[in-house]
Amino acid sequence: MVEKDAVSKDFRKQVLGYGLTTAEIVYRRPDRHWLLQTYIWQDYDLFPNFPALKDFLAFWETKLEGPLLRSPLRTPS
């Protein structure tokens, strides 16, 4: 017998129009500003506004120390 909640959360998002989104984020290390590092973010998000990615980047800028240098929604400084 199949349980009512047998469908995964990711599948439900796909049915609602979400697509798997991958973003490469380049940032400076907080302890060594001359050193660049990349972070690959991947989650289900809605095109073209990308609310999940925007939320993640807002979290990054307010809570994490490594300043963003380049992200998909931000142009290089």
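**Close-up views of a predicted model**

**View 1. A salt bridge joins Glu-24 and Arg-70.** In this predicted model, the closest N and O atoms of Glu-24 and Arg-70 are 3.6 Å apart, and the two residues form a salt bridge. Side chains of opposite charge can pair when their charged atoms come close.

**View 2. Arg-29, Asp-31 and Arg-32 are linked in a network of salt bridges.** Asp-31 takes part in both pairs shown here: with Arg-29 the closest N and O atoms are 3.0 Å apart, and with Arg-32 the distance from N to O is 2.9 Å. A search of the whole structure finds three salt bridges.

**View 3. Helix 2 has a buried side and a face turned away from it.** This helix, which runs through residues 51-63, has 13 residues and reaches 18 Å from its first C-alpha to its last, close to the 18 Å expected at 1.5 Å a residue. Leu-53, Phe-56, Leu-57 and Trp-60 are buried in helix 2. They lie on the same side of the helix because they cover an arc of only 95 degrees around its axis. On the face turned away from the buried side, the exposed residues Asp-55, Thr-62 and Lys-63 are found. The cover over the buried residues of helix 2 includes strand 1 (19-28), strand 2 (36-45) and strand 3 (68-70).

**View 4. Leu-57 is a buried residue of helix 2.** Leu-57 has a relative accessible area of 8%, and it therefore counts as buried, the cut-off being under 20%. When its neighbours within four places in sequence are left aside, Leu-57 is in contact with Ile-25, Leu-68, Ser-71 and Leu-73. Leu-57 and Pro-72 are 15 residues apart in sequence, and their C-alpha atoms are 9.8 Å apart in space.

**View 5. The loop between strand 2 and helix 2 contains Pro-48 and Phe-50.** A cis peptide bond, with omega of about 5 degrees, joins Phe-47 and Pro-48. Phe-50 has a positive phi of about 50 degrees although it is not a glycine. Most residues other than glycine have a negative phi, and most peptide bonds are trans. Phe-50 counts as buried, at 18% relative accessibility.

**View 6. Val-7, Phe-11 and Val-15 make a nonpolar surface patch.** The patch covers about 280 Å². One of its residues, Phe-11, lies in helix 1, which runs through residues 9-15, and at 45% relative accessibility Phe-11 counts as partly exposed. The accessible surface of the chain comes to about 6100 Å², of which 55% belongs to carbon and sulfur atoms.

**View 7. The chain as a whole follows the pattern α-β-β-α-β when read along the sequence.** There are two helices and three strands in the chain, and 22% of its 77 residues count as buried. Among contacts with a separation of 6 or more, 41% are between residues 24 or more positions apart.

How values were computed: Residues numbered from 1 in each chain as written. Predicted model: local features only at pLDDT ≥ 70, side-chain atom pairs only at ≥ 80, totals over all residues. Heavy atoms only, no water. Helix = DSSP H or I, 4+ residues; strand = E, 2+ residues; numbered from the N terminus. Expected span 1.5 Å × (residues − 1). Buried < 20%, exposed > 50% of the residue type's maximum accessible area, 1.4 Å probe, protein only. Arc of directions from axis to C-beta. Contact = heavy atoms within 4.5 Å. Areas by Shrake-Rupley, 256 points an atom, 1.4 Å probe, with all protein chains shown as cover. Patch = residues over 30% accessible without salt bridge, like charges linked within 9 Å, V, L, I, M, F, W, Y side chains within 5 Å. Salt bridge = Lys/Arg side-chain N within 4 Å of Asp/Glu carboxyl O.
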